[in-house]
Amino acid sequence: MVREKDERLLLDEVDRGILYMLQENARTTTHDEISAEVGVSPSTVRNRIGQLEDAGIIEGYGPQIDYERAGFPLHVQFVCTVSASERSQRAREALEINGVVSVREMLTGERNLVVEVVAVGTRDLGAITEALNELEMTIHTSDIVTGSYSQPFNYFKLDSDEKKIGVGERHK
């Protein structure tokens, strides 16, 4: 169960198993399937998911979109610099630009914002670039994204013998 220790939230094996399965496919994985995998009842899975959401560990559920198939053939990543003191504010403002789908802040280094955008054509891309410039972002690179791959974080995967630790140390 989620519990707090020194301002950190600690997860037990059940929580980690639930998170792993939700990362694999939150859309179609049922509470019964998760229950069978982590060894608790479906109602416990439902309660734990609610606790993970309330604790802010699960922030939301979203689809993975193939933008090109959806009619947006240009998928571009901009690497930018903004003033460190304004980084978070500029990131939020960039999300208001039509076509911006994500912004990631980098803690260190000059290039401290990565802005991901989608567009129908170069005219749209030009408008997005101009809007980023108006936010006083220096654009260092813009690269066309041709593929994006991800996987569940293996720290949450339960091994039958619990000997494979993965990244960091598991908290018990």
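A pocket is an open set of grid points with protein on both sides within 12 Å along at least five of seven lines, and its lining residues have an atom within 4 Å of a point. The structure described here is a predicted model.

**Pockets**

In this model, 19 residues line the largest pocket. Those nearest its centre are Leu22, Gln23, Ala26, Gly60 and Gly62. The space in this pocket amounts to about 850 Å³. The second largest pocket is also described by its lining: Ile65, Tyr67, His75, Glu116 and Ser148 are the closest to its centre, out of 19 lining residues. The table sets out the volume and the lining classes of each pocket.

| Pocket | Volume | Lining by class |
|---|---|---|
| Largest pocket | about 850 Å³ | 9 nonpolar, 7 polar and 3 charged residues |
| Second largest pocket | about 560 Å³ | 9 nonpolar, 7 polar and 3 charged residues |

Helix α3, residues 42–54, takes part in a contact with helix α1, residues 13–25. The axes of α1 and α3 come within 10 Å and cross at roughly 85 degrees. Angles of 65 to 115 degrees count as roughly perpendicular, so α1 is roughly perpendicular to α3. On the α1 side, the contact is made by Val14, Asp15, Ile18, Leu19 and Leu22, and on the α3 side by Val45, Arg48, Ile49 and Leu52. Divided by class, this contact has 7 nonpolar, no polar and 2 charged residues. Leu22 of α1, which belongs to this contact, is also among the residues nearest the centre of the largest pocket.

Helix α2, residues 31–38, likewise meets α3. Their axes come within 8 Å and cross at roughly 100 degrees. The two helices are therefore roughly perpendicular to each other. From α2, the residues His31, Asp32, Ile34, Ser35 and Val38 meet Pro42, Val45, Arg46 and Ile49 of α3. The classes in the contact of α2 with α3 are 5 nonpolar, 2 polar and 2 charged residues. In α3, Val45 and Ile49 take part in the contact with α1 and in that with α2.

**The sheet**

The model contains an open sheet of 4 strands, ordered β4-β5-β3-β6 and paired in antiparallel fashion. Its edge strands, each pairing on one side only, are β4 (100–105) and β6 (138–144). With direction ignored, neighbouring strands are turned by 20 degrees against each other on average.

Within the sheet, strand β3 (residues 74–81) and strand β5 (residues 113–119) run antiparallel and are joined by 7 bridges. Val76 has Val117 in β5 as its bridge partner. Helix α4, residues 87–94, packs on the sheet and touches β4 and β5. The direction of α4 makes about 170 degrees with that of β4.

Conventions:
Residues numbered from 1 in each chain as written. Predicted model: local features only at pLDDT ≥ 70, side-chain atom pairs only at ≥ 80, totals over all residues. Heavy atoms only, no water. Axes fitted to C-alpha atoms, helices over the stretch in contact; angles between N-to-C directions. Parallel < 35°, antiparallel > 145°, perpendicular 65-115°, else oblique. Contact = heavy atoms within 4.5 Å. Nonpolar A, V, L, I, M, F, W, Y, C, P; charged D, E, K, R; others polar. 1 Å grid on protein atoms, 1.4 Å probe; cavity = no way out; pocket = protein on both sides within 12 Å on 5 of 7 lines; lining within 4 Å. Points joined across faces, edges and corners; volume = space filled by probe spheres on them. Pairing = 2+ DSSP bridges.
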